[in-house]
Amino acid sequence: MTRRAVIVGIGESQIGRVPGRSSLQLQADAAVAAAADAGLAIGDIDGLLTTPLRVERWNMPAGVVAHNLGIRPRFLSTVDLAGASGVAMIHQAVMAVESGQCDVALCVAGQNLLSHQSRDQAVKSMAESGSAHPQFEVPYGPLVPSLYALIAQRHMYEFGTTSAQLAEVAVAIRGHACLNPNAHKREPLTVADVLASRMITSPLHMFDCAIVSDGAAAVIVTTAERAADLRKRPIHLLGQGYGLRHGHIGDHKQLTITGAVDSGRDAFASAGVERADIDVAEIYDCFTITVIVELEDLGFCAKGEGGSFVEGGRIALGGALPITTHGGLLSGGHPGLPGGFLHVVEGIRQLRGEAGARQVADAELALVHGNGGVASIHATLILGTEPN
Amino acid sequence: MTLAPDDRPLPISDPATAPYWVAARAHRLSLPRCEDCGELHFYPRPLCPHCGSQRLGWADVSGDGEVFSFTIVQRAPSPAFADKVPYAVAIVALDEGPHLMSNIIGCPADQVRIGLRVRVNFLDFNEETSLPVFEPAS
């Protein structure tokens, strides 16, 4: 009989400004919460997947995390697809379990990105972190937001997208954060607030950009057979896809088209579902423009129509396609590279019906999308309440 | 020639990119060109992105092009850029095809537009490094 893997546990540390907690302590908070959620002990875990971290100089992240959590892994892997790592970890954990290499895989990621350094240090370290090419881009002084601003400016030029439409994304996602008790930023936000916020790198205002947070998240994957004896209703990975169309943004000629076209196509094809079937989409939101381009590339609207698509509350709770329902990187929490993993946890939570005030009614199919580099690497998951 | 020494992070060339920086120091813009298919590309890669060949040489280009996209940076990424804000970071589409990132100088930042015709110039930082930048062509 084919061995099928399912998702049985989720956990988060406190997200936001969490002083006095190391990256390993935050990850342990999330891992312990995920194990308790599943009804498992840490000692049951025999597979470990994690990501590299900006604030730690670990020689082998998966080894360091496994050792510190007291796990003797039969499978371990450090997944490094930048912001798409969280999404990719789930698919790779499912492969590890279904191949029989391990029985209970823990995916965990997180760091104290906010408390570890000053804001100026964070801005500088990100600008020189490799998202900008060290020889051909860094000497010209782009912020990481500048690299996405180049996409936004071109999108406005080609399709007439407006700053107010970008602001709609920030406002919808902040509205979701306001309903998430573990979100970092929970003060209400209006389109006028976004447009009046400081211009960082035109056309992106401060509220068009992700925040910086401390925090960690964890997800546990095991066999369907084992899940039958566990606490929570299992959630199924129905399909996935990966994509990459460029390395650095400076040599990407089609600035407004990304590898999400490919990851989305493969995810929908392998899941055997259509765009209209998706109840909730946890879209990676490092910047407001990222969301608009991803919605187009994933096929929820035509290229160029993302600006009008996000208007009128369509992407907010109660709209036709609620996105990023936990508050995302723009408001919920952004502990660097592991930030996209919070989108995965939220997608699972929605399918379980455990999202509280921000629950999408009767959610049965969730899409989760991760984006790494400067809109370079893309990974897409489709999760469901029933197996396919 | 413009002398503009400052403490910004300067490029450290490697065997694959050294010809670009050597040419820039001599105020020439030179890009990788495939010796099999003849196509230019940028940034430098070990395999031609058009045909996969490893037989790559270099060819000077005109340095003329237009602004493909841009952003006006208002918040410096590091202290080295603090006295330069606001400044324009742009992607320039060279007339020969390839794109590259640069700064647009020689005009107020708020006059930079997509489609603006630009021409390369070079900022000399030290005896090894000149940085290609672009100015309005007119």
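This is a predicted model: local features need pLDDT of at least 70, side-chain atom pairs count only at pLDDT 80 or more; totals for chains, interfaces and linings use all residues.
Close-up 1. A:Ala375 belongs to the loop between β10 and β11 (377–384) of chain A, and its phi is near 60°, a positive value in a residue other than glycine. A:Thr324, placed in the loop between α11 (306–309) and α12 (328–332) of chain A, likewise has a positive phi, near 45°, without being a glycine. A:Thr324 has 30 C-beta neighbours inside 10 Å and therefore counts as buried. As background to both residues, most residues other than glycine have a negative phi.

**Close-up 2. The open sheet β8-β11-β10-β9 of chain A.** Four strands of chain A make up this open sheet, in the order β8-β11-β10-β9 and with mixed pairing. The edges are taken by β8 (236–244) and β9 (280–282) of chain A, each of which has a single partner strand, so that one side of each is left without a neighbour in the sheet. From one strand to the next, the twist averages 15°. The strand β9(A) runs parallel to β10 (residues 365–372) of chain A, to which three bridges join it, and within this pair A:Ala281 stands opposite A:Leu367 of β10(A).

**Close-up 3. The packing of helices α3 and α13 of chain A.** Helix α3 (residues 85–98) and helix α13 (residues 339–352), both of chain A, pack at an angle of about 55° with their axes 6 Å apart, and α3(A) and α13(A) are therefore oblique to each other. On the α3(A) side the contact involves A:Ser85, A:Gly86, A:Val87 and A:Ile90, which meet A:Gly340, A:Phe341, A:His343 and A:Val344 of α13(A). The residues of this contact between α3(A) and α13(A) comprise four nonpolar, four polar and no charged. Because 13 of its 14 residues are buried, α13(A) is largely enclosed by the rest of the structure; just after α13(A), A:Gly353 takes a positive phi of about 75°.

**Close-up 4. A:Ala105 within the largest nonpolar core.** The largest nonpolar core has 169 residues, and those with the most contacts inside it are A:Ala105 and A:Val219. When neighbours within four places in sequence are left aside, A:Ala105 is in contact with A:Gly47, A:Leu49, A:Phe75, A:Ala93, A:Ala96, A:Val97 and A:Val221.

**Close-up 5. The side of chain A that touches chain B.** Chain A and chain B each bring 29 residues to their contact. On the side of chain A that touches chain B, at least two residues come from each of α4 (119–127), α5 (144–159) and β5 (199–201) of chain A, and α5(A) gives the most, with six residues. By class, this side of chain A has 14 nonpolar, nine polar and six charged residues.

**Close-up 6. Strand β4 of chain B and its two antiparallel pairings.** Strand β4 (residues 64–73) of chain B is mostly covered, eight of its ten residues being buried. Eight bridges join β4(B) to the antiparallel strand β5 (residues 87–94) of chain B, and here B:Thr71 stands opposite B:Val89 of β5(B). Three bridges join β4(B) to strand β7 (residues 117–124) of chain B, also antiparallel, and B:Glu66 has B:Arg117 as its bridge partner in β7(B).

**Close-up 7. Cis peptide bonds in chains A and B.** The peptide bond from A:Ser202 to A:Pro203 is cis, with omega near 5°, and A:Pro203 is found in the loop between β5 and β6 (204–205) of chain A. In chain B, the peptide bond from B:Phe42 to B:Tyr43 is cis, again with omega near 5°, and B:Tyr43 has its place in the loop between β2 (30–34) and β3 (56–60).

Conventions: Residues are numbered from 1 along each chain as its sequence is written. Chains are lettered from A and ligands numbered from 1 in the order in which they are written. A nonpolar core is a set of buried Ala, Val, Leu, Ile, Met, Phe, Trp, Tyr and Cys residues joined through C-beta atoms within 7 Å. A residue is buried if 20 or more other C-beta atoms lie within 10 Å of its own, exposed if 12 or fewer, and partly exposed in between; C-beta atoms are placed from the backbone. Two residues are in contact if their C-beta atoms, placed from the backbone, lie within 7 Å. Axes are lines fitted to C-alpha atoms, for helices over the stretch in contact, and angles run from 0 to 180 degrees between N-to-C directions. Angles under 35 degrees count as roughly parallel, over 145 as roughly antiparallel, 65 to 115 as roughly perpendicular and the rest as oblique. Ala, Val, Leu, Ile, Met, Phe, Trp, Tyr, Cys and Pro count as nonpolar, Asp, Glu, Lys and Arg as charged, and the others, Gly among them, as polar. Two strands pair if DSSP finds at least two bridges between them.
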